[in-house]
Amino acid sequence: MAIEDKLLEIAAYTLPAFITGGVAFVMMQKFYNNEESKRKFELLRENQKQALPIRLQAYERMVLFLERINPAQLLLRVAPISQSKDDYATLLVHHIQTEYEHNLTQQIYLTSETWDIVLKAKNSTVQIIRKNAAREDITNADTLREAIMLEMTETEAPSTVAISYLKEELKRVF
């Protein structure tokens, strides 16, 4: 019986030690995970704090881009270089494409939905110009300008719709 008593005595000492060790291990693991989560959160918050001004600048540049390609603004800013309606349409599309290429990198700071809206506004504006230039009743650059301006009084410019979308997204994001 002496061996059984000794085994029981050893078990009486080691079992609580194992339980205490297990509880300590679990508590330390939870503490470590909690601290890791705090570090990740602080790092994320710091990155967002630094990225916010850049993202706001990207939205500002996209609004400026959309304003510059608005047909009403574009027609006032870009005068025809000849009487040819096709030359003038090409010049307008070239200006739009140049503006677009200048702001192309901003897409990394915008959501993909926002970038798609900007791209659709650009393409729709180009389509309006080309559609009017293809009309048979438009004979020169001046009548092309008048036709596009008339269309813009009857329908909302694609860039105006896109700017409204950007403003709404900014309200949701910030």
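**Entry 1: H3 against H4**

I began with helix H3 (residues 85-102) and helix H4 (residues 112-133) in this predicted model, and I found that their axes come within 9 Å and cross at roughly 170°. Because angles over 145 degrees count as roughly antiparallel, I wrote down that H3 is roughly antiparallel to H4.

I then listed the residues that make this contact, and on the H3 side they are Lys85, Asp86, Ala89, Leu92, Val93, Ile96, Gln97 and Tyr100. On the H4 side I listed Trp115, Leu119, Lys122, Thr125, Val126, Ile129, Arg130 and Ala133. Sorted by class, the contact of H3 with H4 has ten nonpolar, two polar and four charged residues.

**Entry 2: H4 against H6**

I next looked at H4 and H6, which pack at an angle of about 170°, with their axes 8 Å apart. This angle makes H4 roughly antiparallel to H6.

From H4 the contact takes in Glu113, Thr114, Ile117, Val118, Ala121, Ser124, Thr125 and Ile128, while H6 brings Pro158, Ser159, Ala162, Tyr165, Leu166 and Glu169. By class I noted eight nonpolar, four polar and two charged residues in the contact of H4 with H6.

**Entry 3: Lys122**

Is Lys122 buried or exposed? I found this residue in helix H4, and Lys122 counts as buried because its relative accessibility is 7%, where buried means under 20%.

Setting aside residues up to four places away in sequence, I saw that Lys122 touches Phe65, Ile69, Ile96, Gln97 and Tyr100. I also looked up its distance to Asn70, and although Lys122 and Asn70 are 52 residues apart in sequence, their C-alpha atoms are 8.9 Å apart in space.

**Entry 4: Asn70**

I followed that pair to Asn70, which is found in the loop between helix H1 (2-69) and helix H2 (71-77). Asn70 counts as buried, with a relative accessibility of 12%. Not counting residues up to four places away in sequence, Asn70 touches Ala157, Ser159 and Thr160.

**Entry 5: the nonpolar core**

Which residues have the most contacts inside the largest nonpolar core? I noted that this core has 34 residues, and that Leu66, Tyr88, Leu92 and Ile129 are those with the most contacts inside it. The elements that give two or more residues to the core are H1, H2, H3, H4, helix H5 (141-154) and helix H6 (158-173).

I took Leu92 from this group and looked up what it touches, leaving out residues up to four places away in sequence: the partners are Leu74, Leu75, Val78, Ile129 and Ile148.

**Entry 6: Val78**

I went on to Val78, one of the partners of Leu92, which lies in the loop between H2 and H3. Val78 is buried, with a relative accessible area of 4%. Apart from its neighbours within four places in sequence, Val78 is in contact with Tyr88, Leu91, Leu92, His95 and Arg145.

I also checked Val78 against Glu42, and found these two residues 36 residues apart in sequence and 49 Å apart in space, C-alpha to C-alpha.

**Entry 7: the whole chain**

How many helices and how many strands are there in the chain? I counted six helices and zero strands, and from the N terminus on the elements run α-α-α-α-α-α. The radius of gyration of the chain is 33 Å, well over the 16 Å that the globule rule gives for 174 residues, so the chain is more spread out than a compact globule.

I noted too that the C-alpha atoms of the chain fill a box of roughly 115 × 25 × 25 Å, taken along the principal axes. Of the 174 residues, 28% count as buried. Among the contacts in the chain with a separation of 6 or more, residues 24 or more positions apart account for 74%.

Methods:
Residues are numbered from 1 along each chain as its sequence is written. This is a predicted model: local features need pLDDT of at least 70, side-chain atom pairs count only at pLDDT 80 or more; totals for chains, interfaces and linings use all residues. Side-chain values use heavy atoms; hydrogens and water are left out. Axes are lines fitted to C-alpha atoms, for helices over the stretch in contact, and angles run from 0 to 180 degrees between N-to-C directions. Helices (H or I, at least four residues) and strands (E, at least two) are DSSP runs, numbered from the N terminus. Angles under 35 degrees count as roughly parallel, over 145 as roughly antiparallel, 65 to 115 as roughly perpendicular and the rest as oblique. Contact means heavy atoms within 4.5 Å. Ala, Val, Leu, Ile, Met, Phe, Trp, Tyr, Cys and Pro count as nonpolar, Asp, Glu, Lys and Arg as charged, and the others, Gly among them, as polar. Buried means under 20% relative accessible area, exposed over 50%, partly exposed in between (1.4 Å probe, protein chains only). A nonpolar core is a set of buried Ala, Val, Leu, Ile, Met, Phe, Trp, Tyr and Cys residues joined through side-chain atoms within 4.5 Å. The radius of gyration is taken over C-alpha atoms; the globule rule is 2.2 Å times the number of residues to the power 0.38.
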